[in-house]
Amino acid sequence: MKRFVTTILAGILALSLAGCSNASDQQSKFSQQGNSSPQGSSSQQESTGSEQPNTSSANVSDNSDASDIQQEVVNMPEGFVLINGGTFEMGSPATEAWRSDDETQHTVTVSDFYIGVYEITQAEYSEVTGQNPSNFSGDDLPVENVSWLEAVRFCNARSKKENLTPAYTIDGNKVTWDRSADGYRLPTEAEWEYACRAGTTTPFNTENSISAEEANYYGHYPYEIEGNYFTQENLTTKPGQYRQTTVAVNSFSPNKWGLYNMHGNVGEWVWDYYGAYPTEAQTDPAGAESGTLRVYRGGGWNDFAKNMRSAYRATLAEDKGSFNIGIRLVRNAVKGSGSITSEGSQNTSGSGNNVLIAFFSWGGNTRGIANEIRSQTGADFFEIELVNPYSNDYNTVLDEAQRDQNVQARPEIKNKVENIAQYDTIILGYPNWWASIPMPIATFLEEYDLSGKTIIPFCSHGGGRFGQSLTAITKLAPNATMGEALSIHYSGGSSMPGDVSAWLDANNIPRN
Ligand SMILES: Cc1cc2nc3c(=O)[nH]c(=O)nc-3n(C[C@H](O)[C@H](O)[C@H](O)COP(=O)(O)O)c2cc1C
C-alpha cells in the first residue's frame with residue numbers, strides 16, 4: 001500500500017514538474033508541507049438505435065422515412081455519421097457511483113441527426129475563422145479555449161462557407177436557433193448523450209470503467225479511485241497515464257456508433273442552458289428556457305474519470321472558454337421546426353472596487369497566494385475556518401475529503417463575513433480537492449447571497465489545475481458572474497507574485 005502511494009506520487013510529481021518553471025522550489029514545497037496531491041451491464045437501450053449504421057457519408061438509413069431526410073444530406077462532408085433517432089433514458093440511475101443530483105433519469109426521444117465523428121480540429125477551426133485560440137498547438141488536436149458564443153459563431157461561419165443556411169441568428173449575446181435550418185450547429189444535450197452512450201446504459205460507453213488506453217483524461221484517477229485510493233481493491237481499471245495535453249482527435253477506439261473521444265480529450269459545448277431536467281418524457285428537448293450557464297459534456301484531458309461519465313453535466317458561462325472545452329458539430333437529418341431565442345443573461349462584471357478575498361486552505365499554499373493578493377490589493381481578507389477542522393494527517397484528510405464530496409457535505413463554518421453586501425467582488429481561493437472544490441467552499445457559497453457579484457476563483461493544485469471546480473462554483477452561485485480564474489501549481493514558486501499581478505490586471509482589480 002505504501003509503495004503504491006509512493007510510486008503514484010513520484011509519477012505525479014515528475015509529470016507535474018515537467019510543466020513547472022521552478023522545479024526544485026515545487027519539490028521542496030511538496031515535501032516540506034507534506035500536502036502532496038492524491039495523484040497521485042452493457043445492456044442495450046430500449047432505443048431503436050443501438051445498432052447504428054457505421055457510415056462516414058450521409059446515407060439514408062433503413063429505419064428512416066426517406067421523405068423526411070433533407071436533400072442536402074448527399075453533400076454531407078466526410079467525417080459525419082447518421083445517428084438514427086430513438087428513445088433512451090437520459091441521466092444516470094440512482095445507483096451510479098459519483099453521480100450528481102442534476103442527472104435525474106428521464107425518458108427522451110431524439111430525431112435522426114448527423115454528428116461529427118471527431119471533435120473539431122485546430123486546422124478546421126482556423127481554416128474557417130482565421131484564428132486559433134487553443135492553449136495547446138497542433139493541426140490535428142481539437143480546438144479548445146473557445147467560448148460557447150465563439151462555438152455558435154463558428155457553426156454559422158462554416159455553414160456560410162458551404163452555402164448552407166446558418167442555424168443561428170446572432171446579435172451580440174442574443175442567439176436564435178432556427179431548428180429548420182440545414183447548417184451546422186451544436187448538439188442538444190440530449191443528442192450529445194444519446195450519441196455518447198451509443199446504446200449503453202452504463203457510466204461510460206466503454207461500460208463500467210474507462211482506462212487511459214481508451215480515453216485521454218487524468219489517468220491516475222480512474223473511476224471509483226476516490227474510495228479505493230489506498231487499497232485499490234475494488235477498481236475495475238487501475239491508474240494509468242496522465243498526458244497533460246490534448247491528443248489528436250482520431251486517437252483511441254471509437255464508440256459503438258463510430259464516434260471518437262466522446263469521453264475525454266476536450267469537453268464539448270452543447271446548445272442547452274443548464275437547468276434541472278424535467279421528470280416527464282421529452283422529445284427533442286433543448287434545455288432550460290433561460291439561464292446563466294451553458295452545458296458542456298464528456299470531460300477533458302485533465303478530468304477525473306467520474307467527471308467523464310456519459311451523464312455528467314459540466315457548466316460554464318457562455319462567454320468563457322477553457323483549455324479543456326472544444327466543439328463537435330451536428331446537422332439536422334430530419335427537418336426540425338420552430339426557433340429558440342436565448343439572450344445572454346450574464347451579469348456585467350463588478351467594478352472591482354469593493355473586493356473581499358475569501359479562501360479555504362488546508363496546507364498553507366492557498367493561504368500563501370491569498371496573502372500575496374492581499375499585499376498587492378489591500379483588499380479585505382476572510383479565511384474560512386471550520387467548526388470541526390479536517391485532520392492534519394495527509395492520508396486521513398484525503399479520505400475525509402472524498403467522503404465529504406461523495407455525500408455533498410456542507411461542513412459548518414466557524415466565522416462569518418460581516419456585511420457581505422458591501423462587496424461587489426469576491427476573490428475566492430481554495431485547493432483543488434478530488435478534482436473539485438473542498439466542501440467548505442460549497443458551504444460558503446450557499447451561505448451568502450452572491451447574486452450580481454463577481455466571483456474570481458483561484459485554485460492551488462497538484463497537477464489537475466481547476467479540475468471541475470469551476471463547474472461546481474457556477475452551479476452553486478449561478479447568479480454571480482465569474483471572472484478570469486487562476487490556477488497555481490502548489491505554492492506557485494517564485495513566479496507566483498508575477499502571475500498574481502497579471503491575473504489581477506486581467507480582472508481589472510486595482511493594485512496598490
Ligand atoms: C484532500 C486533498 C485532495 C486533493 N486532490 C487534488 C486533486 O484532485 N488534484 C490536484 O491537482 N491536487 C489535489 N490535491 C493537492 C492540493 O490541491 C495541493 O496540494 C494544494 O496546493 C493544497 O493547497 P493548500 O495547501 O492551500 O491546502 C489534493 C490535496 C488534498 C489534501
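Two strands count as paired if DSSP finds at least two bridges between them. Strands here are DSSP runs of E with at least two residues, and helices are runs of H or I with at least four residues, numbered from the N terminus. With that in hand, let's walk through the model. The structure is a predicted model, in which local features need pLDDT of at least 70 and side-chain atom pairs count only at pLDDT 80 or more, while totals for chains, interfaces and linings use all residues. Residues are numbered from 1 along each chain as its sequence is written.

S4 and strand S12 (residues 330-332) run antiparallel and are joined by three bridges, with Phe113 partnered by Asn332 of S12. S4 also runs antiparallel to strand S1 (residues 80-83), through four bridges, and here Phe113 is the bridge partner of Ile83. Where do the residues of S4 point? Phe113 and Ile115 point one way, and Tyr114 and Gly116 the other way. In a regular strand the side chains alternate between the two faces of the sheet. The four residues of S4 are all buried, meaning that 20 or more other C-beta atoms, placed from the backbone, lie within 10 Å of a residue's own.

Next comes an open sheet of three strands, with mixed pairing, in the order S2-S3-S8. Strand S2 (86-90) and strand S8 (282-283) are its edges; each has a single partner strand, so one side of each has no neighbour in the sheet. S2 pairs with strand S3 (residues 106-110) in the antiparallel sense over five bridges, and Phe88 stands opposite Val108 of S3.

Another open sheet, again with mixed pairing, has four strands in the order S10-S9-S7-S11. Its edge strands, strand S10 (314-316) and strand S11 (325-326), each pair on one side only. Three bridges link S10 to strand S9 (residues 294-297) in the antiparallel sense, and Arg294 has Leu316 of S10 as its bridge partner.

How values were computed:
A residue is buried if 20 or more other C-beta atoms lie within 10 Å of its own, exposed if 12 or fewer, and partly exposed in between; C-beta atoms are placed from the backbone.
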